[in-house]
Amino acid sequence: MEEAKGPVKHVLLAKFKDDVTTEKIDELIKGYANLVNLIEPMKAFHWGKDVSIENLHQGFTHIFESTFDSKEAVAEYVAHPIHVEFANMFLGNLDKVLVIDYKPTSV
């Protein structure tokens with residue numbers, strides 16, 4: 001199957017440490033959402049909390065999805081000093097993290 005053309009989705013699954021307060025989580029989410037205003041390659045941002053009834057989340061509680069025009073744009077974002085500073089602070093509040101980049105594909 002040929003690689004999909006179009007945008008790249010950058011997905012981060014997170015489980016916050018037990019001692020991170022709800023207020024701190026809200027602050028971190030607002031900071032993450034604001035990156036779309038500060039880092040040009042980031043085109044869109046969405047997030048949500050797990051609401052599944054299947055109990056297959058493996059402890060992950062939050063999902064964050066960013067949209068980019070290309071894999072190169074994701075690399076530019078990852079290396080951007082504002083992202084690096086935010087990521088270091090954000091990741092310090094997580095117990096578990098999983099990141100996947102993909103190109104949405106229709107079959």
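**Close-up views of a predicted model**

**View 1. Lys 49 and its partner across the sheet.** In E3, Lys 49 has His 62 as its bridge partner. This is a predicted model, where local features need pLDDT of at least 70 and side-chain atom pairs count only at pLDDT 80 or more, while totals for chains, interfaces and linings use all residues. Residues are numbered from 1 along each chain as its sequence is written, and side-chain values use heavy atoms, with hydrogens and water left out. Helices (H or I, at least four residues) and strands (E, at least two) are DSSP runs numbered from the N terminus. E2 and E3 pair in the antiparallel sense over six bridges; two strands count as paired if DSSP finds at least two bridges between them.

**View 2. The open sheet, strand by strand.** Four strands line up in the order E2-E3-E1-E4, with antiparallel pairing. Strand E2 (44-49) and strand E4 (94-102) sit at the edges with a single partner strand each, so one side of each has no neighbour in the sheet. From one strand to the next, the twist averages 15°.

**View 3. Two helices against the sheet.** H2 packs on the sheet, touching E1, E3 and E4, and its direction makes about 40° with that of E1. H3 also lies across E1, E3 and E4, running at about 135° to E4. Contact here means heavy atoms within 4.5 Å. Axes are lines fitted to C-alpha atoms, for helices over the stretch in contact, and angles run from 0 to 180 degrees between N-to-C directions.

**View 4. Inside the largest nonpolar core.** This core has 21 residues, and those with the most contacts inside it are Phe 16, Tyr 32, Leu 35, Met 42, Phe 64, Tyr 77 and Phe 90. A nonpolar core is a set of buried Ala, Val, Leu, Ile, Met, Phe, Trp, Tyr and Cys residues joined through side-chain atoms within 4.5 Å. Two or more residues come from each of strand E1 (8-16), helix H1 (22-38), strand E3 (62-68), helix H2 (71-79) and helix H3 (81-91). H1 gives the largest share, five residues. Leaving out residues up to four places away in sequence, Phe 16 touches several others, including Ile 25, Leu 28, Phe 64, Phe 90 and Leu 94.

**View 5. Pro 81, out in the open.** Pro 81 lies in helix H3 and is exposed, with a relative accessible area of 59%. Buried means under 20% relative accessible area, exposed over 50%, and partly exposed in between (1.4 Å probe, protein chains only). The C-alpha atoms of Pro 81 and Ile 39 are separated by 9.4 Å, though these residues are 42 apart along the chain.
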